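Reader: I am new to this structure and would like to learn how to read its features one at a time. Could we look at it together?

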Amino acid sequence: RHYPGAAALYRRDEEAERIEGFRVPEPPPKAAADIRCDGLVFRVDLARGHKTGAFLDQRDNRRRAAALARGRRVLDLFCYDGGFALACAKAGAREVRGVDLDEAAVARARENARRNRLEVRFDHGDAFDVLRARPEADLILLDPPKWISGRDDEERGMERYRDLTGLALDALPRGGILVSSCCSGRVSPGRFLGVLREAAARRGRDLRILEVRGAAPDHPLAANFPEGRYLTCILAVAG
């Protein structure tokens, strides 16, 4: 009634199906749509893309990062379809590079850049390898996948967050900006702040926190389910 002509696409999570004891039919092999967000057009893979295919929970954080990007050299790691990278390019970044291990996502990111007439370099690669090469960047965006799903993942996952943050600080000059996200619901904002603090201490660097942000307002948090705050996005300045 509210969206005449719209269709519903059901996505499955095999682990959730196993735990809850239900089955969802396989999605069609192809289901794509164009979405518009903050003046940009994105081609979204609804059937095979990660989660919903668009990561709209990061919408406001992309706006905030873009506001800091003008005149800067931006490195967007785990860039997926290019949401952060393209927002920064549109906002006037001096140069922008995006990197992701998902070759299909990199192809979509390149197409999204072309459709929006933005000059962004998108590469297929591993974020850790890219950072070890000490790239020239003064704004680094980190938006890795969910590294901690359960108790057994915690020790290894937390160390991966620390290592990634440390490598980013190695690459950032003084005054450079770090935008780091964690989508693991088991990691509270305070605990994720601890990751950044520990990584900076290991490198002998100062880190000044500008903001601690979460998901966009259309992802409200239930008062009786604080664990539902799964996304933390921290903006900081490296000293």
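Reader: Is D38 buried, partly exposed or exposed?

Author: Burial is judged by relative accessible area, where buried means under 20%, exposed over 50% and partly exposed in between, with a 1.4 Å probe and protein chains only. At 37% relative accessibility, D38 counts as partly exposed, and D38 is found in the loop between β1 (32–37) and β2 (40–45); strands (E, at least two residues) and helices (H or I, at least four) are DSSP runs, numbered from the N terminus. This is a predicted model, in which local features need pLDDT of at least 70 and side-chain atom pairs count only at pLDDT 80 or more, while totals for chains, interfaces and linings use all residues. Residues are numbered from 1 along each chain as its sequence is written, and side-chain values use heavy atoms, with hydrogens and water left out.

Reader: How many disulfides does the structure hold?

Author: A disulfide is a covalent bond between the sulfur atoms of two cysteines, and here the term is applied to a pair of cysteine sulfur atoms within 2.5 Å. The structure holds 0 disulfides. For C182, the nearest cysteine sulfur is that of C183, 6.4 Å away, and C182 is buried, with a relative accessible area of 1%. The sulfur of C233 has its closest cysteine sulfur in C182, at 11 Å, which is too far for a bond.

Reader: What surrounds C233?

Author: C233 lies in strand β9 and, at 0% relative accessibility, counts as buried. Contact means heavy atoms within 4.5 Å, and, leaving aside neighbours within four places in sequence, C233 is in contact with Q58, N61, V179, S180, S181, E211, V212 and R213. One of these, N61, is 172 residues apart from C233 along the chain, yet their C-alpha atoms are separated by 7.3 Å.

Reader: How many residues does helix α7 have, and what span does it reach?

Author: The expected span of a helix is 1.5 Å times one less than its number of residues. Helix α7 (residues 189–203) has 15 residues and reaches 22 Å from its first C-alpha to its last, close to the 21 Å expected. The buried residues of α7 are F192, G194, V195, L196, A199 and A200, and they pack against α6 (154–171), β7 (177–182), β8 (207–213) and β9 (232–238). Just after α7, G204 takes a positive phi of about 70°.

Reader: Which residues line the second largest pocket?

Author: Rolling a probe the size of a water molecule over the atoms shows where empty space is left. On a 1 Å grid over the protein atoms alone, a pocket is an open set of points where a 1.4 Å probe fits, with protein on both sides within 12 Å along at least five of seven lines, and lining residues have an atom within 4 Å of a point. G214, A215, A216, H219, P220, L221, A222, G228, R229, Y230 and L231 line the second largest pocket.
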